[in-house]
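Hi,

Here is the structure I promised to pass on. Have a look at it first, and my notes follow below.

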Amino acid sequence: MSKFERLSRRDILKLAAFGASGLALTPMLENSPNPQEAIDLKPENIVTHSVWPIDGDPKIIMGDGKNPGVGYTHLMPTVNRDWTPDGGHHIGVDFNWGDFDDDCGTPLKMIMNGVCVFAADGEWRQMGKIAIFCHRFSDETLLYSRFAHLDSWNVEVGKEYKVGDIVGKMGKSGWLKGFCHLHLDLGKRKVFEEHYNGKFADAWWYSHYAPIRYVEKYFVDPAKVIRENLKPNKPPKRYFRQHGVCEF
Ligand SMILES: [Zn+2]
């Protein structure tokens with residue numbers, strides 16, 4: 001159990017207000033040179049349904065990974081696939097519309113009800129400005145959506161948001177050499193407990209040369225989860241256990 005799990009929501013917010021080390025805040029830690037941990041906070045509102053993060057036909061907005069400015073789908077081999085024996089695989093999905101930078105500044109929506117557990121600027125990191133949300137399902141499964149390369153945020157750490165609320169604007173922050181797009185990935189609870197230091201994940205962690213066994217262990221396909229929960233009904237009980245997602 002991490003130290004944060006023993007803190008109440010009130011304690012966490014109180015600590016955050018005083019800028020305790022290890023707790024990430026926006027805008028207080030904007031441009032901080034030190035990677036910060038996400039706070040361990042479960043949302044009070046469970047997931048009812050999902051929406052796509054931007055308007056449009058998902059077949060168009062998700063891209064195919066072949067054209068400049070388009071992007072990768074989940075587990076698609078990346079440009080750096082030669083760097084590992086089993087090839088590098090993309091974590092999550094890139095969302096686009098239009099040509100090149102047409103989509104810069106597009107409002108990005110919460111894909112499900114959730115609480116913001118992290119939002120900070122990692123301009124010196126590949127993912128740039130990011131925001132992470134914890135989503136709680138009816139079977140108590142927790143999943144973590146991460147929005148990356150943002151131009152700006154509209155969220156605060158510790159606050160609850162509803163599906164469809166605006167997270168921020170699409171951008172190209174970070175090491176990105178290409179065009180504006182949203183990188184969205186969906187981490188399992190394991191991401192926050194096991195990655196690197198045995199505690200919380202490096203919130204900015206990302207690799208274009210991640211081994212597929214790692215990606216499959218720690219992440220699920222956000223497009224699949226969104227698509228399967230578009231109707232405003234609760235997911236069937238044990239939905240995630242059936243999909244092999246629930247791993248506490
Ligand atoms: Zn991406």
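Leaving aside its neighbours within four places in sequence, which residues is Gly164 in contact with? They are Val51, Lys109 and Met110, where contact means that the C-beta atoms, placed from the backbone, lie within 7 Å. Met110 is 54 residues away from Gly164 in sequence, but their C-alpha atoms are 4.9 Å apart. Gly164 sits in the loop between strands E6 and E7 (166–170); helices (H or I, at least four residues) and strands (E, at least two) are DSSP runs, numbered from the N terminus.

Before going further, two notes on the model. It is predicted, so local features need pLDDT of at least 70 and side-chain atom pairs count only at pLDDT 80 or more, while totals for chains, interfaces and linings use all residues. Residues are numbered from 1 along each chain as its sequence is written.

The mean pLDDT (the predictor's confidence in each residue, from 0 to 100) is 77 for the protein, with 73% of residues at 70 or more.

Now to strand E3 (residues 114–122): nine of its nine residues are buried, so the rest of the structure largely encloses it. Buried means 20 or more other C-beta atoms within 10 Å of the residue's own, exposed 12 or fewer, and partly exposed in between, with C-beta atoms placed from the backbone. E3 pairs antiparallel with E4 (residues 128–136) over seven bridges, pairing being at least two DSSP bridges between two strands. Val115 stands opposite Cys134 in E4, and its bridge partner in E6 is Glu160.

Best wishes

Definitions and conventions: Two residues are in contact if their C-beta atoms, placed from the backbone, lie within 7 Å.
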